[in-house]
Amino acid sequence: MSALPAQDVEALQGQLNAYMERKGLRSTNQRRLVSEVFFRADGHLSIDEMLALVREQDAKVGYATVYRTMKLLVECGLANERQFDDTVTRFEVAHADSHHDHLICLECKRIIEFEDEEIERLQARAAERHGFKLVSHKLELYGQCAECRGQK
Ligand SMILES: [Zn+2]
Ligand SMILES: [Zn+2]
């Protein structure tokens, strides 16, 4: 799992604060902690995983606070909700002007991100051929990762 540089975390935090101000929402310390942990981890985290990370720093934070903060982040466009092969909803940071797709290992559940210009172009072309105005897409490839296949 990657970690986001501090200045990026701060920029995202600033966007969240601006959104909350516009909506007249109060920024609590717990909410701030949840969003900061989420931005910094920059992974594909479930609510339970988020809760565990947050509780390393503040044991008093409850499930509902994490849940509501994640919903807020989705609402303001700073997080994307993802559901891969399991029924667990995962959240990832929605980086402006960047896009990636996912390779999901069915054995160790590892999620690998990739970007491929050629695939992007082919998808755009397929949409165009059908007179379809493309808004967004999700590409998920399932299988076994190199480690699970015993390769390094
Ligand atoms: Zn694997
Ligand atoms: Zn991702």
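Predicted model: local features only at pLDDT ≥ 70, side-chain atom pairs only at ≥ 80, totals over all residues.
## Helix α4

Helix α4 comprises 13 residues, 63–75. From its first C-alpha to its last it reaches 18 Å, close to the 18 Å expected at 1.5 Å a residue. Just after α4, glycine 77 takes a positive phi of about 85°.

The buried residues of α4 are Thr65, Val66, Thr69, Met70, Leu72 and Leu73. Seen down the helix axis, these buried residues fall within an arc of 160°, so they line one face of α4. Arg68 and Glu75, on the other side of the helix, are exposed. The cover over the buried residues of α4 includes the helices α1 (6–22), α2 (29–41) and α3 (47–55). It also includes the strands β2 (79–83) and β3 (89–93).

## Histidine 102

Strand β4 spans residues 101–105 and contains histidine 102. The relative accessible area of histidine 102 is 2%; because this is under 20%, the residue counts as buried.

Two polar contacts involve the side chain of histidine 102. One, of 3.0 Å, joins it to the side chain of histidine 44. Another, of 3.4 Å, is made with the side chain of glutamate 92. Leaving aside neighbours within four places in sequence, the residues in contact with histidine 102 include His44, Arg82, Phe84 and Glu92. Further along the chain, its contacts include Ile111, Ile112, Glu113 and Phe114, as well as Leu139, Glu140 and Leu141.

## The zinc site

The zinc ion (ligand 1) is coordinated at 2.3 Å by the SG atoms of Cys105, Cys108, Cys145 and Cys148. The angles among the four donor atoms run from 106 to 113°, and the site is tetrahedral. For four tetrahedral donors, the ideal angle at a metal is 109.5 degrees.

In sequence, the donor residues follow the spacing C-x2-C-x36-C-x2-C. Cysteine 108 lies in the loop between β4 and β5 (111–114), whereas cysteine 145 lies in the segment after β6 (140–143), so this pair ties together parts that are 37 residues apart in sequence.

Cysteine 108, at 34% relative accessibility, counts as partly exposed. Cysteine 145 has a relative accessible area of 7% and is buried.

Note on methods
Residues numbered from 1 in each chain as written. Chains lettered and ligands numbered in written order. Heavy atoms only, no water. Helix = DSSP H or I, 4+ residues; strand = E, 2+ residues; numbered from the N terminus. Expected span 1.5 Å × (residues − 1). Buried < 20%, exposed > 50% of the residue type's maximum accessible area, 1.4 Å probe, protein only. Arc of directions from axis to C-beta. Contact = heavy atoms within 4.5 Å. Polar contact = N/O pair within 3.5 Å; in protein donor to acceptor, adjacent residues only side chain to side chain. Donors = N, O, S within 2.8 Å, 3.2 Å for Na, K, Ca; no water. Tetrahedral: all angles 85-135°; square planar, octahedral: opposite > 155°, others 65-115°.
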